[in-house]
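Here is a short report on selected parts of one protein model. Please keep the sequence and the 3D view open while reading.

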Amino acid sequence: MAVPARTCGASRPGPARTAFPWHGRGPRPGPGAGRPVARPPRPLSLLLPPLLLLPLLAAPGASAYSFPQQHTMQHWARRLEQEIDGVMRIFGGVQQLREVYKDNRNLFEVQENEPQKLVEKVAGDIESLLDRKVQALKRLADAAENFQKAHRWQDNIKEEDIIYYDAKADAELDDPESEDVEKGSKASILRLDFIEDSNFKNKVNYSYTAVQIPTDIYKGSTVILNELNWTEALENVFIENRRQDPTLLWQVFGSATGVTRYYPATPWRAPKKIDLYDVRRRPWYIQGASSPKDMVIIVDVSGSVSGLTLKLMKTSVCEMLDTLSDDDYVNVASFNEKAQPVSCFTHLVQANVRNKKVFKEAVQGMVAKGTTGYKAGFEYAFDQLQNSNITRANCNKMIMMFTDGGEDRVQDVFEKYNWPNRTVRVFTFSVGQHNYDVTPLQWMACANKGYYFEIPSIGAIRINTQEYLDVLGRPMVLAGKEAKQVQWTNVYEDALGLGLVVTGTLPVFNLTQDGPGEKKNQLILGVMGIDVALNDIKRLTPNYTLGANGYVFAIDLNGYVLLHPNLKPQTTNFREPVTLDFLDAELEDENKEEIRRSMIDGNKGHKQIRTLVKSLDERYIDEVMRNYTWVPIRSTNYSLGLVLPPYSTFYLQANLSDQILQVKYFEFLLPSSFESEGHVFIAPREYCKDLNASDNNTEFLKNFIELMEKVTPDSKQCNNFLLHNLILDTGITQQLVERVWRDQDLNTYSLLAVFAATDGGITRVFPNKAAEDWTENPEPFNASFYRRSLDNHGYVFKPPHQDALLRPLELENDTVGILVSTAVELSLGGRTLRPAVVGVKLDLEAWAEKFKVLASNRTHQDQPQKQCGPSSHCEMDCDVNNEDLLCVLIDDGGFLVLSNQNHQWDQVGRFFSEVDANLMLALYNNSFYTRKESYDYQAACAPQPPGNLGAAPRGIFVPTIADFLNLAWWTSAAAWSLFQQLLYGLIYHSWFQAEPAEAEGNPEVRESSCVMKQTQYYFGSVNASYNAIIDCGNCSRLFHAQRLTNTNLLFVVAEKPLCSQCEAGRLLQKETHSDGPEQCELVQRPRYRRGPHICFDYNATEDTSDCGRGASFPPSLGVLVSLQLLLLLGLPPRPQPQVHAHASRRL
């Protein structure tokens, strides 16, 4: 929600006042009331209007209280600062812990992180990992080409001749409506046993491959059976690859016929609805099968295109967009007499997920009217492709035209724009049922190195909107070895459950010739792929030596992150790649734009920058120093970066060679020691291979202790660095208990707990009973208080997190506490580091009472309150006058920490605008707070509630009585189309039924990815004591605000509001659903990117004579009559789907 104009609720600064002798609580008149006040604030030296400085007499019998003077409030602020500092010095034990480290100096060494060496080593390790996969890919691709070349095509091959494991067989057996169950499959389907494999997160069989065939392809067709026959030989190559490299994950061959053969075998994860998986539409296949594309889609929307034909066109365009990747550029236009873009995009834009979404939504708004004008459509398309002032792929250029037919060949347009070089391919699509002559459409495609397709019904859309890739693959095949280059994909979700992966791809070419002296075959056979799990790459990066706020990241040529701690998609769609830009993974600024550009260009670099970072809980923003170092990962399109805070240049490495000391410190991890030494939480890290993980820290500690009784910290199966540091920190934090905590009475200072957390993974909470209410993450590196304390000097307050939609805090048994923490900084031999964080947990209720006393004219809680009679003048304070004066402590994120209002105690932790919107807006207007807005592109949102759409059919073609009486109609393609519509309507249910109705009651309906807008506030530029007036007519309020030194707190004193007419100016902090930034504006300033280094879009020897065909199968009068009668009787038969494939695939 946008912040309203700063009128009502804006504040006017004033000078340091000697007194505000306002008597009583009536409305305050005064000049300037209700006038808008704009930022920035006036200098404090400016005087308020004299009228406001005149002393006003109290009404007879009224108490004479005035708003506190500035020096009084500064005095209160100093008292608060001193109290906080005193408690932290006594109980936090920062100085004492420094002494403990120095006393144990012989037990650890100080190691240095050398960024350049680190990042080069990790880049080299990643390169070696990927190179092993590349070698396996090359062996597979070479073998596939040789197997296919040696294979003899069999026209009479039978299903029973082929033995293979059908990955979907088990699911089909469980489905009583399955085609194979109903007909009885003739193929010799293997039945396999599987074993659970943690590497694959799946049950697998290492002795066989599995085969997946798309639902809309007939398994028994000659093309598919021949494909299964020759690809069977790949099984031995897959197995040999795994023998040479046991770390290999999925090895996959995706065939241009739609067959997928993968190893090791595992059952297919078929959805409960129809399985629409087709390997040819997977991101890795598309990237490997062709070079980048510049595509213009033009759609005929003349008056003859209406009803079902227009629906077919809209669906076809959407399916066509799904064949594009982030390396491609596209625009979509409609045309009749004139051509115009369907969306706000006026030029080619990157075919990323968000841009394609804009196109898909815009296409639905196309309306048919006017007359057909091919010339207008093609001229628009050529002009788009000739625009060199924009970022584009600069490789394959093509025009895709969808029309119902026409007579004009627009030869003059082609002569003007495309001949004689024919650099732009033209693909034409005849859509719907009609009697037009398709010869002009075929001629357009053939004359421009393209292809002609027919889409008579919905069933033909998927196959015919992807087969253009075969044409684009011709120059790659003809280029031979030059085109055999491995490409690495964007991050995407593995369809078999492996999680986030990248895939190395290598095209597989057809090396056969039709006969002696014949031209070389120019068909691509498919794409070979090998998956690499992101987790395997992460294991090569240093973790705990970089500290809590150091990390490694990697990006590709698009600027998308391959590795980043903020790459955490909440939900994934296996049909789309996971594309999180580096500038969206972090808070964008100019320095990061420069770093990103340099990495994309493959350069090395180092830069120290001051930047903003978001806290782990996404509630706070900190301004920090970071060192960025980056290098390219050779032989890939990736670049690796390392981010280190200055305080993480050095780290501690324990050196516990004394086994007696190891045992002594280890005993402090035993629960039997917790009562006297405090409760210990240990970070759930991979200390040893055999350590059983658990989300329950008590259980994890138990598993750890049991393992340590069997092995030593120096065991080869354990991470010695992690174990030694853990045990060292156990002993060091115990000495803090011994020297400081055990002899102190926490109740004296109203403390619920004291604690220490370390880089080594120890969090010690004292006393033991306080651990029952400890809710912080046991992994310090994942605890917001820990990471923020390292990045901030002084004491960091963290109130309990409250959502505005949840019920208020329950103040029972004094269990609600406020964390106050600070980093322990060591200086050892001139080397500075921060290996630990210490802190206290304040009792909220007790400290709220203490806060009132400290912000008053009393020195302690038992001192009598000063009475102010009618004849005397007194300053209000936060204790005596809490009915008239609001006093609060707000943290740097704008969240309430303490208040003198008892009724606000249960609102501690809420964004202050939810408590006092008028005052929070004034603080923002006066630059005490700055706002930062960003977008989370990885969020998950619940499905939208069903609309009132019902489940009526969507414009199905219904024949008239005249049609039934016309024999010509029965023999036309229309009848056949009607049957196909029903068939595919049963498969693609959404075509006939409204989507919300389909989703209703569906157990598969779940959260989907969406964009959320995040807003955080952080301290602005004002650092001084500050007085101001909130102008709001008769409801004006005085307030004073001041930062507390060495804390993240703002101390605010204000008059309580008299009325609520200014409440409209409410700042929002919570996440809100968003469409993201305006895409139409973003494409005008696209982010820097580079396409792949290679392009294969032309070869002089290309044979373009194969450039189009008609319908896949001609209708038969007898069959059609029978089928139509069945339709009329309401008994649709189960058809035999046809495979659509080029005749030249019969090899």
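This is a predicted model: local features need pLDDT of at least 70, side-chain atom pairs count only at pLDDT 80 or more; totals for chains, interfaces and linings use all residues.

Residues are numbered from 1 along each chain as its sequence is written, and side-chain values use heavy atoms, with hydrogens and water left out. Helices (H or I, at least four residues) and strands (E, at least two) are DSSP runs, numbered from the N terminus.

**The sheet**

Five strands form an open sheet in the order β23-β22-β27-β26-β25, paired antiparallel. Two strands pair if DSSP finds at least two bridges between them. β23 (561–563) and β25 (605–614) are the edge strands, each pairing on one side only. Neighbouring strands are turned by 35 degrees against each other on average, direction ignored.

| Strand pair | Bridges | Residues standing opposite |
|---|---|---|
| β22 and β27 | 5 bridges | V552 and L642 |
| β22 and β23 | 2 bridges | A554 and L563 |
| β26 and β27 | 6 bridges | W630 and G641 |

Strand β22 (residues 551–555) has 5 of its 5 residues buried, so it is largely enclosed by the rest of the structure. Buried means under 20% relative accessible area (1.4 Å probe, protein chains only). Y551, F553 and I555 point one way from β22, while V552 and A554 point the other way. In a regular strand, side chains alternate between the two faces of the sheet. The hairpin of β22 and β23 has 5 residues between the strands, and G559 there takes a positive phi near 85 degrees.

**The helix pair**

The axes of helix α2 (residues 70–92) and helix α26 (residues 844–854) come within 9 Å and cross at roughly 140 degrees. Axes are lines fitted to C-alpha atoms, for helices over the stretch in contact, and angles run from 0 to 180 degrees between N-to-C directions. α2 and α26 are therefore oblique to each other. Angles under 35 degrees count as roughly parallel, over 145 as roughly antiparallel, 65 to 115 as roughly perpendicular and the rest as oblique. In α2, W76, R79, L80, E83 and V87 meet W847, K850, F851, V853 and L854 of α26. Contact means heavy atoms within 4.5 Å.

**The buried side of α14**

P440, L441, M444 and A445 are buried in helix α14 (residues 439–446). They cover an arc of only 135 degrees around the axis, which puts them on the same side of α14. The arc is that of the directions from the helix axis to the C-beta atoms. The elements covering these buried residues include α12 (374–386), β15 (396–403) and β17 (451–455).

How values were computed: Buried means under 20% relative accessible area, exposed over 50%, partly exposed in between (1.4 Å probe, protein chains only).
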